[in-house]
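Hi everyone, thanks for making time this morning. I'd like to walk you through a structure, so please have a look at it while I talk.

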Amino acid sequence: TDSPHPLVFSGWLDSQHAVLRELAIAGLGAVNTPSAVPNLADGCNDPHPRVRERALTECARVGDNRCVDAIADCVDSEREAIRTMAASALAEIGTDGAIGALLTGATSDDLAVRRTVIGELGTVGSLDVLGCLLHHIAGGPESIRDAAVAAMLELIVEAPHEKSHIVRETVVTQLDIL
């Protein structure tokens, strides 16, 4: 084709073939222009799971805050792989909005959703999630407590180097109070 490839990718977004929509999302993610972000976010709502998974991957890689709402809508997916990818994408984006969406997911009535989200909270490397993790360590089903403990350890490991001491000290102090 003589068209620039971003235009070709955009044309494939409406294809009846999931594989072309998936390729379009992958291509737009690789191009990584601000105008592609809404299409990537829209891909999170595609009816085909592979397209949704690819859109989640590309949204996380691009890291644009405009994708957060679309990703957050995938956190309560019936498909475990999509739930996990959505929670991971939010953690990777790591903005206040993305962390807020994760914290909202951590209060879900669905135990599977809650467990998935809590498992990802530690990867954000921010003390903003500490209260939520402490809450889930203090009570609730064993699988949720286990996920919260693992996330707490991950929080310590993932803390940025310049904040690692304060994160460790804060976690220890809060666990002593608990």
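This is a predicted model: local features need pLDDT of at least 70, side-chain atom pairs count only at pLDDT 80 or more; totals for chains, interfaces and linings use all residues.

The phi of N32 is near 50 degrees, a positive value in a residue other than glycine. As a reminder, most residues other than glycine have a negative phi. N32 is also partly exposed, with a relative accessible area of 39%.

Now let's step back to the whole protein. There are 11 helices and 0 strands, and the C-alpha trace spans about 65 × 35 × 20 Å along its principal axes. Of the 178 residues, 45% are buried. Among contacts with a separation of 6 or more, 55% are between residues 24 or more positions apart.

On to the inside. In soluble globular proteins, nonpolar side chains tend to be buried together. Here, the largest nonpolar core has 55 residues, and those with the most contacts inside it are C44, I71, L90, L102, I118, L121 and L133. Helix α6, residues 80-93, gives the most to this core, with 7 residues.

From α6 we can go to α7. These two helices pack at an angle of about 145 degrees, with their axes 7 Å apart, and α6 passes α7 in a left-handed crossing. On the α6 side we have A87, L90, A91 and I93, which meet A98, A101 and L102 in α7.

So which residues are buried in α7? They are A98, I99, A101, L102 and G105, in a helix that runs over residues 96-105. These residues lie on the same side of α7, because they cover an arc of only 155 degrees around the axis. The buried residues of α7 are covered by elements including α5 (68-74), α6 and α8 (111-121).

That brings us to α8 and its partner α9, residues 130-138. Their axes come within 10 Å and cross at roughly 130 degrees, which makes α8 oblique to α9. R114, I118 and L121 of α8 make the contact with C132, L133 and H136 of α9. This crossing is left-handed.

Leaving aside its neighbours within four places in sequence, I118 is in contact with A106, L133, H136, I144, A147, A148 and A151.

Next comes the pairing of α9 with α10, residues 142-158. The two pack at an angle of about 145 degrees, with their axes 8 Å apart, and the crossing is left-handed. From α9, the contact uses L130, L133, L134, H136 and I137. From α10, the partners are I144, R145, A148, V149, A151, M152 and L155.

One last stop, and it is again in α9: A138. Is A138 buried or exposed? With a relative accessibility of 54%, A138 counts as exposed, because the cut-off for exposed is over 50%. A138 and L178 are 40 residues apart in sequence, and their C-alpha atoms are 7.2 Å apart in space.

That's my tour, and I'm happy to take questions.

Terms used. Residues are numbered from 1 along each chain as its sequence is written. Side-chain values use heavy atoms; hydrogens and water are left out. A nonpolar core is a set of buried Ala, Val, Leu, Ile, Met, Phe, Trp, Tyr and Cys residues joined through side-chain atoms within 4.5 Å. Buried means under 20% relative accessible area, exposed over 50%, partly exposed in between (1.4 Å probe, protein chains only). Helices (H or I, at least four residues) and strands (E, at least two) are DSSP runs, numbered from the N terminus. Contact means heavy atoms within 4.5 Å. The arc is that of the directions from the helix axis to the C-beta atoms. Axes are lines fitted to C-alpha atoms, for helices over the stretch in contact, and angles run from 0 to 180 degrees between N-to-C directions. Angles under 35 degrees count as roughly parallel, over 145 as roughly antiparallel, 65 to 115 as roughly perpendicular and the rest as oblique. A crossing is left-handed if the near helix is turned anticlockwise from the far one by less than a right angle, and right-handed if clockwise.
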